[in-house]
Amino acid sequence: MMAVPPVDQSYQKLKKQADQRWKALISGQEPVIHIGMATCGLAAGAQETKDTFEEALQKHSIEARTHKVGCLGHCYGEPLVVIDHPSSGFPSLMYQEVNSGKAEMLVKHYLADYDPCLEHIYGALEENELLPSVMLFSRFNREKRVIMDKCGYIDPTDIWEYIAQGGYSTLVRALGISQAELISEVQASGLRGRGGAGFPTGKKWELAAGSAQPTWVICNADEGDPGAYMDRTLLESNPHQVIEGLIICALAVEAQQGIIYVRAEYPLAVSRLSLALEQARELGLLGQGILGSEAGVEIEIFQGSGAFVCGEETALIRSVEGFRGMPVHRPPYPAQEGLFGEPTVINNVKTLATLPLIVEHGSGWFKEIGTESSPGTAIFSVVGDVVHPGLVEVSMGVTLRELIFEVCGGVPKKREFKAVQIGGPSGGCLPEAYLDTPIDFDTLKEAGAMMGSGGLVVMDERTCMVDVAKYFLDFTQKESCGKCTFCRIGTKHLLDILRRITKGEGEEQDLDNLSRLAGMVSQGSLCGLGKTASNPVLTTLSSFREEYMAHVREKRCPALMCRDLIAYYIDLEACERGCDACATHCPTEAVFTTKNRKKGIDLTLCVKCGECMAACPPEYDAVRKVSPPELAPVIKEPPQPGETEKGGLASDQNHE
């Protein structure tokens with residue numbers, strides 16, 4: 001009989017304890033209430049929901065447990081709750097938007113009286129003959145949960161639950177094979193960096209391996225794209241998977257020191273990471289002599305100050321060294337000469353979280369998912385004008401149409417799809433003609449966009465694409481480190497031109513200047529962030545040029561979004577009720593009352609905030625927008641002195 005290696009013995013001892021703890025949680029007839037408590041859930045009131053459940057259980061003398069879990073990805077339904085109630089005869093049931101009132105109701109009716117409150121059920125988590133399963137919905141059945149498989153299922157603050165699900169078992173395997181075998185397996189898998197560039201992970205490791213100098217490994221968790229929160233959610237929902245991946249990376253390149261670079265604006269992620277590292281050290285999974293082996297890896301957290309440019313790896317390194325985060329020339333590449341002049345491997349959170357799965361299942365398994373050039377899955381934070389926003393993990397190669405319309409439910413309120421911004425502020429805006437584009441690193445680049453870190457913003461017909469380009473360029477211009485002339489000054493000139501256009505002060509020559517200057521910024525900037533900063537300008541100019549022309553030639557915003565090019569007015573025929581809703585919400589008292597009790601708007605006082613439109617009862621829908629402002633109709637019955645509730649007239653034509 002072969003002797004069991006010391007590493008295996010150490011791990012199996014931990015696994016046995018973990019299995020006993022997990023069995024105590026899920027076995028038996030005692031109900032378990034699983035509550036999603038990542039940032040998205042907490043922002044929606046999950047802590048109050050948890051407190052209410054516990055108070056109601058005590059009030060009704062019911063023996064049940066609340067179980068804190070991470071994010072399931074269905075952020076539109078937060079707070080999300082899953083209830084296991086074995087003695088009820090029902091399978092695990094999911095409920096969405098569980099506020100305090102709904103929590104108390106579920107305790108009273110379901111946990112106490114076995115009534116599952118069918119009108120509030122989202123669905124059962126498994127196929128059954130009693131209730132519809134959530135897998136009937138495309139938001140569930142079209143996903144390919146690989147990296148996020150344990151998110152929303154385990155308690156991210158309890159290492160034993162991660163171990164019970166097989167966590168750290170791949171670390172045992174990695175400790176038993178050579179450095180060359182680890183690198184070869186990752187190279188064979190075709191894994192490409194999930195931070196945006198898509199550089200082959202195995203190739204990066206190979207460049208750093210075998211160095212005579214000490215080697216560093218860094219987890220890049222400096223996620224700064226507007227609307228993107230994939231890395232944050234993984235760190236909050238399953239930090240141990242990222243830590244295990246970082247240790248495997250360290251073993252592959254013979255590094256003994258690791259850093260997790262996470263922005264200080266992610267306090268929950270920092271807190272859970274700190275706890276996870278402490279737990280791993282206590283169990284001998286981190287530090288010197290991992291699981292009784294000769295290997296040793298130390299990991300510490302470095303909190304960044306929130307500079308967008310520190311997502312670029314050389315700027316990140318400068319930040320860790322104590323300098324201002326600014327990119328440096330390459331070569332030499334960080335894998336050859338990085339932190340403190342020593343070889344440094346930097347991988348994204350999602351890249352590292354994928355490594356344990358590749359080591360566990362093999363490179364062949366991984367390559368069967370996705371496309372030939374971009375194997376595996378991609379995690380997107382889908383936000384904007386979409387029915388089911390949130391985190392979605394799909395196989396590479398899924399089209400934008402499938403992701404937006406089938407998985408995420410399409411555009412709400414029967415509005416028309418207009419564009420999708422993919423790849424963050426440095427990505428591109430793609431119109432409807434590109435909806436059948438497969439999602440992978442190379443195809444998106446050919447379309448003029450980029451994978452980026454996984455941010456995806458859906459926009460409907462109400463969106464002004466000139467304003468969108470201005471918004472994203474304003475972000476990148478403010479976040480420019482200022483090192484490159486093209487990025488520092490070029491983006492400022494681009495932004496100035498866009499501002500003039502949205503104010504109705506643009507000229508046709510501005511469009512040619514935008515195109516030419518955007519190209520210069522792309523070619524002349526040092527780092528990848530500067531090179532892609534003008535992508536929103538180039539893609540909107542290419543796909544929505546007629547919208548730019550309307551702003552320039554007609555001084556008109558077709559989407560009615562640019563404030564300087566619109567005016568609000570009240571349709572007197574629709575204003576049947578003559579209520580004061582618009583007047584009471586107007587911050588500048590621009591709304592006045594006519595002789596017949598209907599309302600008008602004094603354009604000289606109106607700041608175009610839209611409060612009147614939001615306040616108008618939907619059954620009347622009397623407030624309108626028009627562009628250009630000169631098209632706003634003039635009120636024919638101006639108020640007489642002493643008869644107005646709000647001073648002012650509809651336009652200067654009424655001042656006689």
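S3 and strand S4 (residues 93–95) pair in the antiparallel sense, over three bridges. Two strands count as paired if DSSP finds at least two bridges between them. Strands (E, at least two residues) and helices (H or I, at least four) are DSSP runs numbered from the N terminus. Valine 81 stands opposite tyrosine 95 in S4. The model is predicted: local features need pLDDT of at least 70, side-chain atom pairs count only at pLDDT 80 or more, and totals for chains, interfaces and linings use all residues. Residues are numbered from 1 along each chain as its sequence is written, and side-chain values use heavy atoms, with hydrogens and water left out.

S3 and S4 belong to an open sheet of five strands, ordered S2-S1-S3-S4-S5, with mixed pairing. S2 and strand S5 (121–124) stand at the edges with a single partner strand each, so one side of each is left without a neighbour in the sheet. The twist averages 25 degrees from one strand to the next. Axes here are lines fitted to C-alpha atoms, for helices over the stretch in contact, and angles run from 0 to 180 degrees between N-to-C directions. The loop between strand S2 (65–69) and S3 contains proline 79. A cis peptide bond joins this proline to glutamate 78, with omega about -5 degrees.

The second largest pocket draws on this region. Its volume is about 810 Å³. On a 1 Å grid over the protein atoms alone, a pocket is an open set of points with protein on both sides within 12 Å along at least five of seven lines; a cavity is a set where a 1.4 Å probe fits but cannot get out; lining residues have an atom within 4 Å of a point. Grid points are joined across faces, edges and corners, and a volume is the space filled by probe spheres set on the points. Of the 30 residues lining the second largest pocket, Leu72, Leu125, Asp149, Gly152 and Tyr153 are the closest to its centre. Helix H1 (6–26), strand S1 (32–36) and strand S3 (81–84) each supply at least two lining residues. H1 gives the largest share, three residues. By class, the lining has 17 nonpolar, six polar and seven charged residues. Ala, Val, Leu, Ile, Met, Phe, Trp, Tyr, Cys and Pro count as nonpolar, Asp, Glu, Lys and Arg as charged, and the others, Gly among them, as polar.

Two further loops carry backbone features. Leucine 291 has phi near 50 degrees, a positive value in a residue other than glycine. This leucine is found in the loop between strand S8 (287–288) and strand S9 (296–304). A cis peptide bond also joins proline 331 and proline 332, with omega about 0 degrees. Proline 332 is found between helix H13 (313–320) and strand S10 (344–348), in the loop. Most residues other than glycine have a negative phi, and most peptide bonds are trans.

Another open sheet of five strands runs in the order S12-S11-S15-S13-S14, again with mixed pairing. Strand S12 (390–395) and strand S14 (428–431) are its edge strands, each pairing on one side only. Neighbouring strands are turned by 30 degrees against each other on average, direction ignored. Strand S13 (residues 417–422) and S14 run antiparallel, joined by four bridges. Isoleucine 422 has glycine 428 in S14 as its bridge partner.

Helix H18 (residues 465–479) lies across S13, S14 and strand S15 (455–460), at about 15 degrees to S13. The axes of H18 and helix H22 (residues 535–543) come within 8 Å and cross at roughly 170 degrees. That makes the two helices, H18 and H22, roughly antiparallel (a term for angles over 145 degrees). In H18, Met465, Ala469, Phe472 and Leu473 meet Pro536, Val537 and Thr540 of H22, where contact means heavy atoms within 4.5 Å. The residues of this contact divide into six nonpolar, one polar and no charged.

Four cavities of 30 Å³ or more are found in the whole structure. Of its 15 lining residues, Cys575, Cys579, Cys616, Pro617 and Ala622 lie nearest the centre. Eleven residues of that lining are nonpolar, one is polar and three are charged.

Definitions and conventions
Angles under 35 degrees count as roughly parallel, over 145 as roughly antiparallel, 65 to 115 as roughly perpendicular and the rest as oblique.
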